[in-house]
Amino acid sequence: MSFKITVDEKNYDLDINPETPLLWVLRDHLNLTGTKFGCGVGQCGACTVLLDDKAVRACQTPINTIGNKKVTTIETQTDKTVQKLQKFWVQEDVVQCGYCQSGQIMNAASLVKTNPKPSEDDILKAMDGNICRCGTYNKIKTAIKAATAEV
């Protein structure tokens, strides 16, 4: 089946099985490997991307459910919120192994887009469900606070 999809402001035409998860469309068909495969059942958040600025688990989002929504990945060159968060992720030295960080940043971007000045509780609640085996949660929280304080 044929699909048109917009990813990081670029348009793509794909002939693909309608049940194919967005994660595999990004990684295998568009060669956008910044979005990671974690658990495969939507529990860890490593595959988080934005659909019209809302965080979704790409491993649980079939291509036939996307419609005209815009997909934003960690590889975006145009999304200012994602870029600002990336800057503070580096500044706060958040990354250890780094595997979950693309999903963490995309989930944080969804939070900041809907709540530009989140409280600590807002951050904790929004980031709950994105798992980091290295335990960088305090640094993630600090990076989000720093990014939202800069405005």
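**Notes on helix packing, salt bridges and a buried Asp**

1. Let's start with the helices: H3 passes H5 in a right-handed crossing, meaning that the near helix is turned clockwise from the far one by less than a right angle. H3 covers residues 101–114, and H5 covers residues 137–149. Helices here are DSSP runs (H or I, at least four residues), strands are too (E, at least two), and both are numbered from the N terminus.

2. Before going on, keep in mind that this is a predicted model, where local features need pLDDT of at least 70 and side-chain atom pairs count only at pLDDT 80 or more, while totals for chains, interfaces and linings use all residues. Residues are numbered from 1 along each chain as its sequence is written, and side-chain values use heavy atoms, with hydrogens and water left out.

3. Back to that helix pair: the axes of H3 and H5 come within 11 Å and cross at roughly 40°. (Axes are lines fitted to C-alpha atoms over the stretch in contact, with angles from 0 to 180 degrees between N-to-C directions.) H3 is therefore oblique to H5; that word covers what is left after under 35 degrees (roughly parallel), over 145 (roughly antiparallel) and 65 to 115 (roughly perpendicular). On the H3 side, Gln 101, Gln 104, Ala 108, Leu 111 and Val 112 make the contact, meeting Ile 140, Ile 144 and Thr 148 of H5. Contact means heavy atoms within 4.5 Å.

4. Glu 120 pairs with Lys 141, their closest N and O atoms being 3.1 Å apart. Glu 120 sits in helix H4 (residues 120–127) and Lys 141 in H5, so this pair ties together parts that are 21 residues apart in sequence. Glu 120 is partly exposed at 35% relative accessibility, whereas Lys 141 is buried at 15%. The cut-offs are under 20% relative accessible area for buried, over 50% for exposed, and partly exposed in between (1.4 Å probe, protein chains only).

5. Glu 120 has another partner, Lys 145, with the closest N and O atoms 2.9 Å apart. Lys 145 counts as partly exposed, at 34%.

6. The whole structure has five salt bridges.

7. Now have a look at Asp 8, in the loop between strand E1 (2–7) and strand E2 (10–15). Asp 8 is buried, at 12% relative accessible area, yet has no salt bridge: the nearest side chain of opposite charge, Lys 10, is 7.3 Å away. (Lys and Arg count as positive, Asp and Glu as negative; His and the chain ends are not counted.) Leaving out residues up to four places away in sequence, Asp 8 touches Val 71, Thr 72, Thr 73, Glu 75 and Thr 76.

8. Last, check the backbone. Most residues other than glycine have a negative phi. Asp 8 has a positive phi, near 50°, and Asn 31 has a positive one near 55°. Asn 31 lies in the loop between helix H1 (22–29) and strand E3 (48–51), and is exposed at 60% relative accessibility.

Conventions: A salt bridge is a side-chain nitrogen of Lys or Arg within 4 Å of a carboxyl oxygen of Asp or Glu.
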